Amino acid sequence: MTDTGAEAAVEPARADPRVGAVVITWNRREEALTALGRLLALPERPQVVLVDNGSTDGTAEAVARAYPEVDVVALGENLGAVGRNVGVERLRTPYVAFADDDTWWAPGSLARAADALDAHPRLAVVTARILAEPGGRDDPIVTELRDSPVPGPGWLPGPALGSFLAGASVLRREAFLECGGFSRRLWLGGEEELLAVDLATAGWELCYLEELTVHHQASTQRDSHARRRAGLRNTLWFTWLRRPVRAALRRTAHLARTVPRDRVSALAVLDALRGLPWVLAERRRVPPRVEARLASLEASQRNSRARRYVS
């Protein structure tokens, strides 16, 4: 689905030097070309870095030919979310919008995100409303973002969040780099949770902004079992890396009761157990104020329609 003329017409046609964009992709050449075309057509005219995670379908070469203004980084291996770290390092804009090859930002949203980050120096992440395409309906996660129970300071321009969705967020580059970006260990799948609590521990805030919009048309080129396996493993790792023992036990028990009892889940648990020496070595409990935020999310996580480990 393309952006409507009416949506684009209300936005001023001016470049905004405050925001750059990082797109990661892997073996989705046509989708990457479409996503980049939409980014480059935005009125903000963001600087764009494409990080190709070792594609074998000629993605990097096709993008370089079609869009010479895009900074193309062709990696020799699939680094997953760490590809975003590579892109952020190459930008010099104060704010960075993340996009996937199956998402696109609505015109004007990047400028509004930059305005919010300008106005609130301790705000590190703003997450947008996500419209599922085709059809433009709210993604199921939107209700949870709007109704977030996370306590936050009164100055926040929107509901405080305990985590964020990378493909629908704009981040303060300084905060991202200060907290080390995405973990190489987690690869891809729920990788935002660990970075989010490390940002909060460092004193940064995250919030949802309804006036920002991202469209998402889920790619059919994905291995849903592999993503579920990595996502469940990462949830277990994050939980034991940062939560107090009782809270970690509660979340682990909930997952044990609710995830499908199948081969994918079993492999995810084995993966998590293999990483136990690393988890124990790196375990660092969050301070009580951050744990209070995480605890406030437990009820919504139990009842979530969007956060289900199915494939």
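A charge is said to sit over a ring if NZ of Lys or CZ of Arg is within 6 Å of the ring centre and within 35 degrees of the ring normal. By that rule, the charged end of Arg84 sits over the ring of Phe98, 5.7 Å from its centre, and the charged end of Arg84 also sits over the ring of Phe182, at 5.3 Å from its centre. The model is a predicted one, in which local features need pLDDT of at least 70 and side-chain atom pairs count only at pLDDT 80 or more, while totals for chains, interfaces and linings use all residues. Residues are numbered from 1 along each chain as its sequence is written, and side-chain values use heavy atoms, with hydrogens and water left out.

**Overall form**

- The secondary structure of the protein chain comes to 14 helices and 9 strands, where helices (H or I, at least four residues) and strands (E, at least two) are DSSP runs numbered from the N terminus.
- For 311 residues, a compact globule would have a radius of gyration near 19 Å, and the protein chain agrees with this at 19 Å; the radius is taken over C-alpha atoms, and the globule rule is 2.2 Å times the number of residues to the power 0.38.
- The C-alpha trace spans about 50 × 45 × 35 Å along its principal axes.
- Buried residues make up 55% of the 311 residues, with buried meaning under 20% relative accessible area, exposed over 50%, and partly exposed in between (1.4 Å probe, protein chains only).

**Aromatic pairs**

- A search of the whole structure finds 5 aromatic pairs; rings of Phe, Tyr and Trp (its six-membered ring) pair if their centres lie within 6.5 Å, and planes under 30 degrees apart count as stacked, over 60 as edge-to-face and the rest as tilted.
- The rings of Phe164 and Phe182 have centres 6.3 Å apart and planes at 40°, so this pair is tilted.
- Because Phe164 lies in the loop between helix H6 (141–146) and strand S8 (169–172), and Phe182 in the loop between helix H7 (173–178) and H8, the pair ties together parts that are 18 residues apart in sequence.
- Both Phe164 and Phe182 are buried, and together with Phe98 and Phe176 they form one aromatic cluster.
- Trp237 and Trp278 form an edge-to-face pair, with 5.2 Å from centre to centre and 70° between the planes.
- Trp237 lies in helix H9 (residues 224–242) and Trp278 in helix H12 (residues 276–282), so that pair ties together parts 41 residues apart in sequence.
- Trp237 is buried at a relative accessible area of 7%, and Trp278 counts as buried at 16% relative accessibility.

**Cavity and pocket**

- On a 1 Å grid over the protein atoms alone, a cavity is a set of points where a 1.4 Å probe fits but cannot get out, and a pocket is an open set with protein on both sides within 12 Å along at least five of seven lines; lining residues have an atom within 4 Å of a point.
- The largest cavity holds about 30 Å³ of space, and its lining includes Leu161, Ala196, Val290 and Arg293.
- Helix H8 (192–201) and helix H13 (288–296) are the elements that give two or more residues to the lining of the largest cavity.
- The second largest pocket holds about 320 Å³ of space and is lined by 16 residues, of which Leu236, Thr252, Val269, Ala272 and Leu273 lie nearest its centre.
- H9, helix H10 (245–258), helix H11 (263–274) and H12 each give two or more residues to the lining of the second largest pocket.

Technical notes: Points joined across faces, edges and corners; volume = space filled by probe spheres on them.
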